[in-house]
Amino acid sequence: MDFADGRRLLHVALCGGAWFGNLGCHSSLFTMPAGGAGFVRVLDLIGSGPIWFDSREGVGGWPDLILGGTRPSHPPYIRWRWTGQTFDKVWPPG
């Protein structure tokens with residue numbers, strides 16, 4: 001995802017085999033500041049489902065991440081928000 005100010009957000013999903021958790025996928029998220037020399041890994045998720053970007057919500061111009069729940073015991077989605085250095089879970093609480 002390229003932003004008008006030059007920042008970038010990159011999502012990489014590696015899928016296949018049972019070693020990547022519930023859904024067989026491992027996701028890594030990378031950010032690059034405007035004018036940055038390279039991407040920096042800011043989040044790793046093992047067994048992650050689909051990830052959507054919510055540009056209506058977020059902090060510092062970074063969109064919130066919406067992850068589909070991966071187990072029946074999980075909520076239908078989990079929201080992650082930019083902290084200034086990484087993305088942290090903000091919903092559900094706890």
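What share of the contacts in the chain with a separation of 6 or more comes from residues 24 or more positions apart? I looked this up first, and the share is 30%, with contact meaning heavy atoms within 4.5 Å.

**Ground rules**

I noted that this is a predicted model, where local features need pLDDT of at least 70 and side-chain atom pairs count only at pLDDT 80 or more, while totals for chains, interfaces and linings use all residues. Residues are numbered from 1 along each chain as its sequence is written, and side-chain values use heavy atoms, with hydrogens and water left out.

**The whole chain**

I found seven strands and zero helices. Helices (H or I, at least four residues) and strands (E, at least two) are DSSP runs, numbered from the N terminus. I then looked up burial: 37% of the 94 residues are buried. Buried means under 20% relative accessible area, exposed means over 50%, and partly exposed lies in between (1.4 Å probe, protein chains only). The chain exposes about 5,700 Å², and carbon and sulfur atoms supply 56% of that. Accessible areas come from the Shrake-Rupley method with a 1.4 Å probe, and for residues only the protein chains shown count as cover.

**Aromatic rings**

Next I went for the rings, and I got three aromatic pairs. Rings of Phe, Tyr and Trp (its six-membered ring) pair if their centres lie within 6.5 Å; planes under 30 degrees apart count as stacked, over 60 as edge-to-face and the rest as tilted.

One of them is Phe3 with Trp62, an edge-to-face pair at 5.4 Å centre to centre and 80° between the planes. Phe3 lies in the segment before β1 (8–15) and Trp62 in strand β5 (residues 62–68), so this pair ties together parts 59 residues apart in sequence. Phe3 is buried at 19% relative accessible area, and Trp62 is buried at 7%.

Trp62 also pairs with Trp82: the ring centres are 5.3 Å apart and the planes are at 45°, so I wrote this pair down as tilted. Trp82 lies in strand β6 (residues 77–82) and is buried, with a relative accessible area of 12%. Phe3, Trp62, Trp82 and Phe87 form one aromatic cluster.

**Arg7**

Which rings does Arg7 sit over? I found its charged end over the ring of Phe3, 4.2 Å from the centre, and over the face of Trp62, at 4.4 Å from the ring centre. A charge sits over a ring if NZ of Lys or CZ of Arg is within 6 Å of the ring centre and within 35 degrees of the ring normal. Arg7 is buried, with a relative accessible area of 11%.

**Salt bridges**

I counted these as a side-chain nitrogen of Lys or Arg within 4 Å of a carboxyl oxygen of Asp or Glu, and the count comes to eight. Arg7 turned up again: Asp5 forms a salt bridge with Arg7, the closest N and O atoms being 2.8 Å apart. Asp5 is partly exposed at 46%.

Arg81 has a salt bridge with Glu57 (3.8 Å, N to O). That pair links distant parts of the chain, with Glu57 in strand β4 (residues 51–59) and Arg81 in strand β6, 24 residues apart. Arg81 also forms a salt bridge with Asp64, where the closest N and O atoms are 2.6 Å apart.

Is Asp64 buried or exposed? At 0% relative accessibility, Asp64 counts as buried, whereas Arg81 at 25% is partly exposed.
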